[in-house]
Amino acid sequence: MELKLVEQLLEKYFQGATTIAEEKQLKAYFSSNDVAPHLVKYQSLFGYFETQKGMQFEQKLPLQPRKQNTVKWIGIAASFVVLFGLATFYFYPSEPKHEDLGTYDNPEEAFAATQKALLMVSEQVNIGMESVVYLEEYEKTKKTIFK
């Protein structure tokens, strides 16, 4: 292979622009004994790929099964949750509680309480309407600016 072609292929290789066929040419060139003296430093790079291709991992990996303690503890915790739920249901039954919700026997008292509640609601609505006036002014100003 020509020295100039090898140098061009090396330049492309280091830029990451070579094709697989060009890389095979480089590997073939550097695996031969006819390598230019100034390119000998790259011979180990391409030779490394060839030597590592044939290597095999031969050490034994110590694979031990994981202990199933977590599964055991999850089962125990789940059973405690179920027992706690059953005990709560048993000792605190959910009977409907009859609370006084403000019922009145006297119609005049009921009318007075209703007027009081409606007056409070009316005051709050009036406060809210004051805010709406500000929004209307804002909309008018916005329309005059952004015609």
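1. Glycine 47 has its place in helix 3, residues 43-53, where helices (H or I, at least four residues) and strands (E, at least two) are DSSP runs numbered from the N terminus. At 29% relative accessibility, glycine 47 counts as partly exposed, given that buried means under 20% relative accessible area, exposed over 50%, and partly exposed in between, with a 1.4 Å probe and protein chains only. The C-alpha atom of glycine 47 is separated by 7.4 Å from that of lysine 27, and the two residues are 20 residues apart along the chain.

2. On the basis of the note: this is a predicted model, in which local features need pLDDT of at least 70 and side-chain atom pairs count only at pLDDT 80 or more, while totals for chains, interfaces and linings use all residues. Residues are numbered from 1 along each chain as its sequence is written, and side-chain values use heavy atoms, with hydrogens and water left out.

3. As to overall make-up, the protein has five helices and zero strands, and its elements run α-α-α-α-α from the N terminus on. Of the 147 residues in the protein, 9% are buried. The accessible surface (Shrake-Rupley method, 1.4 Å probe; for residues, only the protein chains shown count as cover) comes to about 13900 Å², and 62% of this belongs to carbon and sulfur atoms. Among the contacts (heavy atoms within 4.5 Å) with a separation of 6 or more, 39% are between residues 24 or more positions apart.

4. Val6, Leu9, Leu10 and Tyr13 are buried in helix 1. Seen down the axis, these buried residues fall within an arc of 105°, so they line one face of helix 1, the arc being that of the directions from the helix axis to the C-beta atoms. The face turned away from this buried side carries the exposed residues Lys4 and Gln15. Glycine 16, with a positive phi near 80°, follows helix 1.

5. Helix 2, with twelve residues, reaches 16 Å from its first C-alpha to its last, close to the 16 Å expected at 1.5 Å a residue. Its buried residues are Glu22, Leu26, Tyr29 and Phe30, and they cover an arc of only 90° around the axis, which puts them on the same side of helix 2. Ile20, Lys24 and Ser31 are exposed on the other side of helix 2.

6. Glutamate 22, which lies in helix 2, deserves a separate remark. Glutamate 22 is buried, with a relative accessible area of 17%, and, not counting residues up to four places away in sequence, touches Leu9, Lys12 and Ala17.

7. An unreviewed UniProt entry carries the annotation "transmembrane region" for residues 73-92; UniProt positions are given in the numbering used here, feature names are shortened, and annotations may be inferred rather than shown by experiment. In the model, the span of residues 73-92 is 95% helix and 0% strand, with its end C-alpha atoms 28 Å apart.

Conventions: The expected span of a helix is 1.5 Å times one less than its number of residues.
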